[in-house]
Each structure stands twice: as C-alpha cells, then as structure tokens.
Amino acid sequence: MEALETAPRRCALQLAALAVQDRLNAANSDWQGPRLPCTCGQPARHASRRAKTFITTLGPLELHRAYYHCAACKAGFFPRDRSLGLERSSRSPATTRMVGTAAACASFANASELLDDLAGLRVSPKQVERVAEALGREIDAAKRPHRVPRYRRQRRAREQERAAGQAAGRFRQDPFPCPSQH
Ligand SMILES: [Zn+2]
C-alpha cells in the first residue's frame, strides 16, 4: 500500500511543480518597463532575464526573472523575487517555514530525515542548521528597535532643510501675512 501512495504522491508534486514553473515563466509580468526606481532613489535599468532554481514544497522550480541593475549604487534586484518573498533565499517562504518547524522539534540530523520522509524535501542537516540560525537572527532583529537606513536619514534631512528654507523664504516675503477674509 505504501508504494501505491508514495509514488503517485511524488509524481503529483512533480506535475504541480512543473505547472507552477511554466505558469510563472510564461508570464513576463515582472518586466515593469526599461527602468524601475532603486531603493537608493536612482533609476535602475532592466539588464536581462536570469534563471535560478528555488527549492519549494513542490520540489525545485527553475524561474526566469527580469533583472534590474542600478548604476548609481551598483545594486541589482529582481522584482519577481521581491513579490514572491524569494529575495534573500533560494528557498520558498513555505519551505523555510517547514524547515524551521522541523528544526524546532528535532536535532538538525533528525529534522533533515523528517523533512525527506514527510514532505519529500531534500535538505541536509547543515542546511537545516543554517535556516534555523537565519530564522533566529531574523527573530532577534525583529525584537531590536527599528533603525532607519543612512540614505533615508540623509534624504529626510535634505527634505527638512529644503522645507525650512522655503518657510524662511515665505517669512522673508511676508513676515506678517493677513488672515484671509471669507
Ligand atoms: Zn541604486
């Protein structure tokens, strides 16, 4: 009976993985024009489409994504990775959550075996350990007070300076404006 269940289950997962992969690769909706704003404030230029294999709960998916590069800060990004929560990992968020749950319940070696047995996920004990450590760092970071990135602080300071300059200009033009009559 077990063979009757496990083989079709693996087959169904592979078919589902292929369907999701084809659907995502067929849609070029992540191409959002020749330029997109970078987090530094400058425009990033569309450079190419790049493929990457992601580990998901359905199995590995090879996704082709639009890549944008910013000449100002030399950073690159993939809008699709951002929208799917894949920006900082080659594992899908559901996979990461699954690995984290297993790591919380068992040793890294046992968690690795459990993931293979129960979900058909091939994750080595070392990878389980890395995911658990990364999740621990994220939880620690979420507990720390929020820090505003330096470029945002600088932009905010420039905006405040400009607003103060404009207010001073208005004051110089008409230091005691008459209240408007209604
Ligand atoms: Zn940039």
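Let's walk the chain from the N terminus: the elements run α-β-β-β-β-α-α-α-α-α. That gives six helices and four strands in the protein chain. Keep in mind that this is a predicted model.

Start with the sheet. Strands of a sheet pair through backbone hydrogen bonds, either parallel or antiparallel. Which sense do we have here, parallel or antiparallel? The pairing is antiparallel, and the four strands form an open sheet in the order S1-S2-S3-S4.

Now the edges. Strand S1, residues 35-37, and strand S4, residues 76-77, each have a single partner strand, so one side of each is left without a neighbour in the sheet. S4 pairs with S3, residues 59-69, over two bridges. There, His69 stands opposite Gly76 of S4.

What lies across S2 and S3? Helix H1, residues 2-26, does. H1 runs at about 15 degrees to S3.

Next, a helix pair. Two packed helices are described by the angle between their axes and the distance between the axes. For H4, residues 108-119, and H5, residues 125-143, the angle is about 105 degrees, and the axes are 8 Å apart. That makes H4 roughly perpendicular to H5.

Who makes the contact? From H4, look for Phe108, Ala109, Ala111 and Ser112. From H5, look for Pro125, Val128 and Glu129. By class, that is five nonpolar residues, one polar and one charged.

Last, the whole chain. Of its 182 residues, 14% are buried. Take the contacts with a separation of 6 or more: residues 24 or more positions apart account for 52% of them.

Note on methods: Residues are numbered from 1 along each chain as its sequence is written. This is a predicted model: local features need pLDDT of at least 70, side-chain atom pairs count only at pLDDT 80 or more; totals for chains, interfaces and linings use all residues. Axes are lines fitted to C-alpha atoms, for helices over the stretch in contact, and angles run from 0 to 180 degrees between N-to-C directions. Angles under 35 degrees count as roughly parallel, over 145 as roughly antiparallel, 65 to 115 as roughly perpendicular and the rest as oblique. Two residues are in contact if their C-beta atoms, placed from the backbone, lie within 7 Å. Ala, Val, Leu, Ile, Met, Phe, Trp, Tyr, Cys and Pro count as nonpolar, Asp, Glu, Lys and Arg as charged, and the others, Gly among them, as polar. Two strands pair if DSSP finds at least two bridges between them. A residue is buried if 20 or more other C-beta atoms lie within 10 Å of its own, exposed if 12 or fewer, and partly exposed in between; C-beta atoms are placed from the backbone.
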